[in-house]
Amino acid sequence: MAFTNYILVCGGTGCESAKADQIYQNLLSAANAEGVHETVQIVKTGCFGFCEQGPIVKILPEDSFYVQVKPEDSEEIIKEHIVKGREVKRLLYDKSESKKHARVEDIQFYQKQFRIVLRNCGFINPENIDEYIARDGYAALEKVLFEMSSDAVIEELKKSGLRGRGGAGFPTWLKWNFTKQVDSEQKYIVCNADEGDPGAYMDRSTLEGDPHSILEAMAIAGFTCGADTGYIYIRAEYPLAIGRLKIAMEQARAYGLLGENILGSEFSFDIEIRLGAGAFVCGEETALLASLEGNRGMPWPRPPFPAVKGLWDKPTVINNVETWANVPMVILKGGEWFTQIGTEDSKGTKVFALTGKIRNSGLVEVPMGTTLREIIYDIGGGIANDKDFKAVQTGGPSGGMITKDYLDTPIDYKHLQGLGSMMGSGGMIVMDEDDCIVDVTKFYLGFTVDESCGKCSPCRVGGRTLYNTLDRITKGEGTMEDIDKMRSCGYAMQKASLCGLGQTAPNPIMSSLKYFEKEYLAHIKDRSCPSGRCKELISYFILADKCIGCTACARKCPVSAITGERRKIHLINQDLCIKCGICYEVCKFDAVYVG
Amino acid sequence: MAEQRDTEQITFSDELVKYIETWKHKPGNLIMILHRVQEEFRFVPREAADEVARILDVPLAKIYGVLTFYHYFKLTKPGKYNIQICLGTACYLKGADGLIEEIENLLGVSEGEVTEDEQFSFESVRCVGCCGLAPVLVIGDEVFGKLTKDQIPGIIAKYQ
């Protein structure tokens, strides 16, 4: 019997963490119990992107978009929707309160998005190669093997203008061409899936939702550059993605799409998975290669570039997951098609992990040239809890902070760099009025100091110096000279560090000093933290005109610093107060004041 | 003469031995093998490192060089339940540091330490990748999202 309904359950990490697998299992057993298991196909897909509203369940052909589904809702979905054909209204995405949104195309979150990289995420079962093939999967590899020369592949990539999505934005065709031109018996293809940027999960979602696209792209590169071996270097912290990759590789081998004589051609290519072990610096390509070789992940000076002399000194093409995911589409639809998306110097789309103080956290893919405002307000729905926007940080610890004044900047490589930020891998973190810029900058520096491999002194010593200075400033011990010192130290790091980590580590400081100098001055001159975040600089008070003496704060205070009788004004003993903020949180009368 | 170090005997399971055998002659195998060792013991005991050094015929110093470089490898035994607090940027902005304080107060241990009864250990980790659920805490396979401080005692009580 043919299927009349399809239930797509999001199997991305966010939804899985919120018990999506249980929902999937419950749906299966409910379908069995109701006897509809032959007419409804239940599939676990990759990430839908709308993580804020997860777990997500979508039902076709009605295109019903259920959000925040719980395992116990499964039975109702089967009984009502599948058996009786009635949508479960209470689970539909309801944005405007007054109007029920049911269809995906009605949801504003998806309206400005354009999916190339995430084309299959949320559509196919990533553990079934047939579903990938049904959506033109491996057609690009076939085309390359039987209709194209390696020069033609390079030419197509060149025409497309595809640039690396992992950070610096190096033209992909050029990288491939370098490796192709080197005369060497052994060459390697490497996929950089060491996504260490805190607050970013684009690559993970791509691998979880569409693992075959990466395998296909790597095989295409193998054919083009003359390599027979590929490695996927992936974070050990991504078990779901690793598992799905393994399944995909097995299926591809069984179908003759990996291994000896692919599709009956002369070309042989296979891929192995190698695990990272939690070192951010290994996202830098030479450090990654050192790690692949089984060593400490320390970068080496370039040149020679890996494209010429890489893994075990052999020419190596190394691209990031998102770059790889674009390749089959470029081949299949042509470079010309790709150039129609994006801006003059940045073609195609970019995936961002939109998180922080945003209403709709999630994974978004937009054409290059989309403005920050469109992403934050139209797709992201604006700032959560009706707070004011303060800054957006792109590029993670290597990026910079961008202010309100620049929200209309189109996002592409050139513009972001011009603002002192960068594309980076695609983390986009939104901050609101409650976030202290100095504190967040310290957070980022703490991260890069932790992750510095220690090989070169500008990064090792400079990073620590900057961190210590920021630490003093957040404690109210900063001086005006610190500002200049941080600028010159940061500049030295940018110029003299060995690899991308050290060169970009000062970016959060440099950009925040540029756009938020006032906030630094408040910490230094006034010894105050305007956002009330830096503990050493704030005190909690009880406002006499607002306190009604409910005793809620006194009961919750972990150090008994609050005294006062019932129905009398309470008082905080500043000597005892540890500034944990619990009184502020529990007071229902806004009587606790931070200053 | 150097004193012979008393090394306690450690036994590798058959699966682990077999795994090492298949990887032994592959280039760049060390990290993969150490991952498998840690999977077996939940950390990499000194004796296991000795054994790996012997099997692969690489200096122990090289093994420790790798073990100490990467955050993922642990040199001390974690508690029965290892509590991980995500300190990715999204979680940090949404108050993960407050959760850390709360856990430290409740368990009486600092980050990286194990409680006396060896029930709990606690560490902060960098981005577990479900930023939509921030702030996030992970115990074993269980993920707790959108947390507030006052939910922590209840969660820990479930494991006590």
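## Helices α8 and α10 of chain A

α8(A) and α10(A) are oblique to each other. This is a predicted model, and here the two helices pack at an angle of about 45 degrees, with their axes 8 Å apart. Helix α10 of chain A covers residues 211–225.

Who touches whom? On the α8(A) side you'll find A:W176, A:T179 and A:K180, and they meet A:A221, A:T224 and A:C225 in α10(A). Sorted by class, this contact holds three nonpolar, two polar and one charged residues.

## The other partner of α8(A)

α8(A), residues 172–181, also packs with helix α7 of chain A, residues 150–160. Their axes come within 8 Å and cross at roughly 155 degrees. Angles over 145 degrees count as roughly antiparallel, so that's the label for α7(A) and α8(A). The crossing of α7(A) past α8(A) is left-handed.

From α7(A), the residues taking part are A:S150, A:I154, A:L157 and A:K158. Facing them in α8(A) are A:T172, A:W173, A:W176, A:N177 and A:K180. The class count for this contact is four nonpolar, three polar and two charged residues.

## Helices α6 and α13 of chain A

Another helix pair to look at is α6 (residues 139–147) and α13 (residues 321–333) of chain A, which pack at an angle of about 60 degrees with their axes 8 Å apart. That angle makes α6(A) oblique to α13(A), and the crossing is left-handed.

Which residues of α6(A) meet α13(A)? They are A:A139, A:A140, A:K143 and A:V144, and their counterparts in α13(A) are A:P328, A:I331 and A:L332. By class, you get six nonpolar residues, no polar ones and one charged.

## The parallel sheet

Chain A has an open sheet of four strands with parallel pairing, in the order β7-β6-β5-β8. At its edges stand β7 (270–275) and β8 (316–320), each with a single partner strand, so one side of each has no neighbour in the sheet. From one strand to the next, the twist averages 20 degrees.

Zooming in on one pair, strand β5 of chain A (residues 188–193) runs parallel to β8(A), and five bridges join the two. A:N192 is found opposite A:N320 in β8(A). Helix α11 of chain A (residues 239–254) lies across β6 (229–234) and β7, and runs at about 165 degrees to β7(A).

## The mixed sheet

Chain A also has an open four-strand sheet with mixed pairing, ordered β2-β1-β3-β4. Here the edge strands are β2 (40–45) and β4 (64–66), and each pairs on one side only. On average, neighbouring strands of this sheet are turned by 20 degrees against each other, direction ignored.

How do β3 and β4 of chain A pair, parallel or antiparallel? They pair in the antiparallel sense over three bridges, with β3 spanning residues 57–60. A:I59 has A:S64 in β4(A) as its bridge partner.

## Domains of chain A

Stepping back, chain A is divided into domain 1 (5–107), domain 2 (129–339), domain 3 (349–432), domain 4 (437–524) and domain 5 (539–594). The centres of domain 1 and domain 3 of chain A, taken over C-alpha atoms, are separated by 29 Å. Five residues from domain 1 and five residues from domain 3 make up the contact between these domains of chain A. On the domain 1 side, three are nonpolar, one is polar and one is charged.

Chain B has seven helices and four strands, laid out along the sequence as α-α-α-α-β-α-α-β-β-β-α. Its C-alpha atoms fill a box of roughly 55 × 30 × 30 Å, taken along the principal axes. Chain B is divided into domain 1 (14–69) and domain 2 (81–159), with 30 Å between the centres of these domains over C-alpha atoms.

Between the chains, 31 residues of chain B are in contact with 38 residues of chain A. The elements of chain B that give two or more residues to its side are α2 (30–41), α4 (60–69) and α5 (89–93). By class, the chain B side has 19 nonpolar, ten polar and two charged residues.

Technical notes:
Residues numbered from 1 in each chain as written. Chains lettered and ligands numbered in written order. Predicted model: local features only at pLDDT ≥ 70, side-chain atom pairs only at ≥ 80, totals over all residues. Domains from an automatic or database assignment. Contact = placed C-beta atoms within 7 Å. Nonpolar A, V, L, I, M, F, W, Y, C, P; charged D, E, K, R; others polar. Pairing = 2+ DSSP bridges. Axes fitted to C-alpha atoms, helices over the stretch in contact; angles between N-to-C directions. Parallel < 35°, antiparallel > 145°, perpendicular 65-115°, else oblique. Left-handed = near helix turned anticlockwise from the far one by under 90°.
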